Amino acid sequence: FCLALDLVDDAALIAEYENWHKPGQQLPGIPESISAAGILQMEIYRTGNRLFMIMETTDDFDPAEKAAMDAANPAVEQWEKLMWKFQQPLPWAKEGEKWIPMTKIFQLT
């Protein structure tokens, strides 16, 4: 899965966001909630204020199930509320959407 999201275009907020994503800086329970949903590996890259996330998942990973798990997890809800301070939706995002799935348009084979 590849997803995109923008950050608020403010150098201080971007630096703070990156600090929250350093090893061991997430709120307790966040890495565990990611793994419990069937996400095997997750990477986030940044250019300017645009973020790009790559997730390797189990074959039965279901984004809707992950969203339901997150909504029922107070630690994840707290994390998402904190992260929204730094994030902003992409211009074409629907109401309430954060990370937007990207469409693969090329693969070198």
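Is Phe1 buried, partly exposed or exposed? I get 45% relative accessibility for Phe1, so it counts as partly exposed (buried is under 20% relative accessible area, exposed over 50%, partly exposed in between, with a 1.4 Å probe and protein chains only).

Before going on, I note that this is a predicted model, where local features need pLDDT of at least 70, side-chain atom pairs count only at pLDDT 80 or more, and totals for chains, interfaces and linings use all residues. Residues are numbered from 1 along each chain as its sequence is written, and side-chain values use heavy atoms, with hydrogens and water left out.

**Aromatic pairs**

I searched the whole structure and got three aromatic pairs (rings of Phe, Tyr and Trp, the last by its six-membered ring, with centres within 6.5 Å; planes under 30 degrees apart are stacked, over 60 edge-to-face, the rest tilted). Phe1 and Phe61 have ring centres 5.1 Å apart and planes at 75°, so I log the pair as edge-to-face. Phe1 sits in the segment before β1 and Phe61 in the loop between β3 and α3, so the pair ties together parts 60 residues apart in sequence (helices are DSSP runs of H or I, at least four residues, and strands of E, at least two, numbered from the N terminus). Phe61, at 11% relative accessibility, counts as buried.

I also looked up Tyr17 and Phe86, which pair edge-to-face at 5.8 Å centre to centre with 65° between the planes. Tyr17 is in helix α1 and Phe86 in the loop between α4 and β4 (87-88), 69 residues apart. Both Tyr17 and Phe86 are buried.
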